[in-house]
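Here are my notes on the model, point by point. Please read them with the coordinates open.

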Amino acid sequence: MKSVLLAFGLFLFPFILFAQTDLTKPEQTEQWEPEPRVVKPGNGPKPPSDAVVIFDGTSLDGFRDKNGNPPKWELKEGLLTVKGGSGDIWTKASFGSFQLHIEWRTPIESLNLKGQGRGNSGIFLQDRYEVQILNSYENRTYANGQAGSIYKQTPPLVNAMNPMGEWQTYDIIYTAPTFRANGSMLTPPYVTVIHNGVVVQNHTEIQGTTEYIGPPLIKAHGEAPLRLQDHGNPISFRNIWIRPL
Ligand code: MG
């Protein structure tokens, strides 16, 4: 039996060698199928043609509060603004991996609000992993809690804040984690964050939930909504869209 296998192996060897080395024509390394589908790119506030629009300034229909009711946040002049004390809000839709575009503005506040108290909100990816929103323009706080941080985990590479009262953009590319049947993590979530066109997180591994106190926690989950944080400050949002990946 062994000798038969050996003979068969020896017989195949030149073919394997041939297959690996005989890439001499340009066509042999061309991939034609499947053809990537066509997407019309966005233009300014207009999202790409295949984006799921979460908020375009006209209604809060994309969101719910924690009880599934319409959120009490303010919709005024095309902006969605946190109503302090009314609680976080969630997208009605759930997502796995995605590309997210979101624009936010911290209000012009009195300068006696400092650190984490000045313009705090946040975007919880899959309801668990917070990309911090904060007025980090000339406002020092712990680095892994400033704008663009993965909260209490990873500081942003740089501080790309526009001044207080100006609009900020986040473009976030997120890879959802995978879990084994026993609930342990097989592959962690990863995130890239571009703040005002500047990379502040580059394929950063997310270590688990972003806890205020204590280490990150790992708990298996599937698709989940996006959550926006009510931290008591009247942060405004506009042009929120997602492309599931
Ligand atoms: Mg926050």
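1. Ground rules. This is a predicted model: local features need pLDDT of at least 70, side-chain atom pairs count only at pLDDT 80 or more, and totals for chains, interfaces and linings use all residues. Residues are numbered from 1 along each chain as its sequence is written, and side-chain values use heavy atoms, with hydrogens and water left out.

2. Metal site. The magnesium ion has these protein donors: N120 (OD1), S121 (O), E130 (OE), Q132 (OE1) and Q229 (OE1). They lie 2.2 to 2.4 Å from the ion. Donors here are N, O and S atoms within 2.8 Å of the metal (3.2 Å for Na, K and Ca); water is not among the atoms, so sites may look incomplete. Along the chain the donor spacing reads N-S-x8-E-x1-Q-x96-Q. N120 and S121 are both buried. Buried means under 20% relative accessible area, exposed over 50%, and partly exposed in between, with a 1.4 Å probe and protein chains only.

3. Nonpolar core. The largest nonpolar core holds 36 residues. Such a core is a set of buried Ala, Val, Leu, Ile, Met, Phe, Trp, Tyr and Cys residues joined through side-chain atoms within 4.5 Å. L80, I123, L125, Y170, L228, F237 and I240 touch the most other members. Elements giving two or more residues to this core include β1 (52–55), β7 (121–125), β12 (190–195) and β15 (236–244). β6 supplies the largest share, four residues. Strands are DSSP runs (E, at least two residues), numbered from the N terminus.

4. Surroundings of I240. Which residues is I240 in contact with, leaving aside neighbours within four places in sequence? They are V52, V53, I54, F55, F63, L80, L100, H101, I102 and L228. Contact means heavy atoms within 4.5 Å.

5. Open sheet. Five strands form an open sheet in the order β2-β5-β14-β7-β8, with antiparallel pairing. β2 (63–64) and β8 stand at the edges with a single partner strand each, so one side of each has no neighbour in the sheet. Two strands pair if DSSP finds at least two bridges between them. Antiparallel β7 and β8 are joined by five bridges. Within that pairing, L125 has Y129 of β8 as its bridge partner.

6. Strand β6. Six of the eight residues of β6 are buried, so the strand is largely enclosed by the rest of the structure. Eight bridges connect β6 to β9 in the antiparallel sense. β6 also pairs with β15, again antiparallel, over seven bridges.

7. Aromatic pairs. Rings of Phe, Tyr and Trp (its six-membered ring) pair if their centres lie within 6.5 Å; planes under 30 degrees apart count as stacked, over 60 as edge-to-face and the rest as tilted. The count comes to six aromatic pairs. W73 and F237 have ring centres 6.3 Å apart and planes at 20°, so this pair is stacked. The pair links distant parts of the chain, 164 residues apart: W73 is in the loop between β2 and β3 (74–76), F237 in strand β15. Both W73 and F237 are buried. Y129 and Y174 have ring centres 6.5 Å apart and planes at 35°, so this pair is tilted. Y129 in β8 and Y174 in β9 are 45 residues apart. Y129 and Y174 are buried as well. F95, F98, Y129 and Y174 make up one aromatic cluster.

8. Charges over rings. A charge sits over a ring if NZ of Lys or CZ of Arg is within 6 Å of the ring centre and within 35 degrees of the ring normal. The charged end of R227 sits over the F124 ring, 3.9 Å from its centre. R238 lies over the face of W167, at 4.0 Å from the ring centre.

9. Two loop residues. P188 lies in the loop between β11 (185–187) and β12. At 14% relative accessibility, P188 counts as buried. Beyond four places in sequence, P188 touches T175, A176, P177, E205 and I206. T209 is in the loop between β13 (198–205) and β14 (227–228). T209 counts as buried too, at 16% relative accessibility. Beyond four places in sequence, T209 touches R128, Y129, Q153, P216 and L217.
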